[in-house]
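Hi,

Here is the structure I promised to send over. Have a look at it first, and then read on for what turned up.

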Amino acid sequence: MGIRTRAIVALGAALACLALVLGGCSSSNYQPELKEPVVAAPTIGQDGTLRVGVDTTNPPLAGMGTDKIIGIDVDIAAAMADQLGLKLSIVDVGSDPETALAEGKVDIVMGIDQSEAGGDFWLSEAYLPTGVAAFASSPDAAVPVAGTDVKFAAQISSKSAWAVTNEFGEAALTSTTNLTDAFEDLATGTDGYVAADAIIGYYAAHGQDIDVSIVAMLLAPSGYCVGVAKDNTELQALVTETVGSLTNGRVIDYIERKWLGTALDLSSVPQTAGTPLSTPSSDDDDDDDDGSTVTVGGNAVGASGSRN
């Protein structure tokens, strides 16, 4: 199912304003300069259009909005397409990006976790960091230490709950049915920390207008990458250049702030003493999404709750 994004011009204007900073983007009627396409078939499957595969069961990276697919990956894909001078078509490839690439249904796929990637395709450098993190109400909160009286709220049967019990024991875990309840426990002081995926946790807290900070990593950080067919070296080079440009130009930071309330940087976050070198496999964990249900304002949502 392909859904053509109709908001590229508006997004391009916002991103252009960001890039210009104080350089004169003062008009609400600003229109970005239309770029000439820098790539064509057969490097991409359809002249003039970048076809991007996402997994709509992986909010807030991608999910179904009211009438279209939305999410962080969709916004980043729109910025990539704009930089390449292309229109954008978003395709839901579910959990099988490898087949979508192999069959030529898409040109690239987004949201591939480099720590779990096992497909036969090329991966870019990470454009978003991720990892199971310890959230606290204050950025000055101490890094949790095993053997002390620490309490974590975490979504039941999640990778985050596994990380807590693996290092801190069952007594340290308060299981919740969703992250909304977990962050409410944190806000009221019932628990000292919330354990959650860094992106999903910030998304849930931002949706509840709860100020939180990541104070430690419970599992080694990873990152989300762009996947391209192994033999498409020209497109690989363009993706590398485009991801680097959007990262260095702080465009991805802007998109993160829209969805998460902050630009995510895990490079200097300390790891707890017992952080394992790798994450559990799917056989060890009942909920690899670690937050497929996020409740905001009393309604269970995926990526459909865009927060500005």
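Let me start in a loop. Asn-178 lies in the loop between S11 and H5, where helices (H or I, at least four residues) and strands (E, at least two) are DSSP runs numbered from the N terminus. With a relative accessible area of 11%, Asn-178 is buried; buried means under 20% relative accessible area, exposed over 50% and partly exposed in between (1.4 Å probe, protein chains only). The side chains of Asn-178 and Thr-177 are joined by a polar contact of 3.3 Å. By polar contact I mean a pair of N or O atoms within 3.5 Å; within protein, one must be able to donate a hydrogen and the other to accept it, and residues adjacent in sequence count only if both atoms are side-chain atoms. The C-alpha atoms of Asn-178 and Ile-156 are 7.6 Å apart, although 22 residues separate the two along the chain.

A word on the source: this is a predicted model, in which local features need pLDDT of at least 70 and side-chain atom pairs count only at pLDDT 80 or more, while totals for chains, interfaces and linings use all residues. Residues are numbered from 1 along each chain as its sequence is written, and side-chain values use heavy atoms, with hydrogens and water left out.

Now the overall picture. The chain has 8 helices and 16 strands, and 52% of its 308 residues are buried. Of the contacts between residues at least 6 apart in sequence, 75% join residues at least 24 apart; contact here means heavy atoms within 4.5 Å.

Thr-130 sits in strand S8 (residues 128-130) and is buried, at a relative accessible area of 2%. Its side chain makes a polar contact of 2.6 Å with the side chain of Asp-197. Ser-222, in strand S14 (residues 222-228), also counts as buried, at 12% relative accessibility. Here the side-chain partner is Asp-113, again at 2.6 Å. Leaving aside neighbours within four places in sequence, Thr-130 is in contact with several residues, including Asp-113, Asp-197 and Ser-222.

Just after H4 comes Gly-169, with a positive phi of about 95 degrees.

On to the aromatic rings. Rings of Phe, Tyr and Trp (its six-membered ring) pair if their centres lie within 6.5 Å; planes under 30 degrees apart count as stacked, over 60 as edge-to-face and the rest as tilted. By this rule there are 5 aromatic pairs. Phe-135 and Phe-183 form an edge-to-face pair, because their ring centres are 5.6 Å apart and their planes lie at 80 degrees. This pair links distant parts of the chain, with Phe-135 in strand S9 (residues 132-136) and Phe-183 in helix H5 (residues 179-188), 48 residues apart. Phe-135 is buried at 0% relative accessibility, and Phe-183 is buried at 0% too. Ring pairs link Phe-135, Phe-183 and Tyr-202 into a cluster.

That brings us to H6. How do helices H6 and H8 cross? The axes of H6 (residues 198-207) and H8 (residues 251-260) come within 8 Å and cross at roughly 55 degrees. The two helices are therefore oblique to each other. Axes are lines fitted to C-alpha atoms, for helices over the stretch in contact, with angles running from 0 to 180 degrees between N-to-C directions; under 35 degrees counts as roughly parallel, over 145 as roughly antiparallel, 65 to 115 as roughly perpendicular and the rest as oblique. Ile-199, Tyr-202, Tyr-203 and His-206 in H6 meet Arg-257, Lys-258, Trp-259 and Leu-260 in H8.

Finally, Ala-205 is also in helix H6 and is buried at a relative accessible area of 0%. Leaving aside neighbours within four places in sequence, Ala-205 is in contact with Phe-183, Ile-210 and Val-212.

Best wishes
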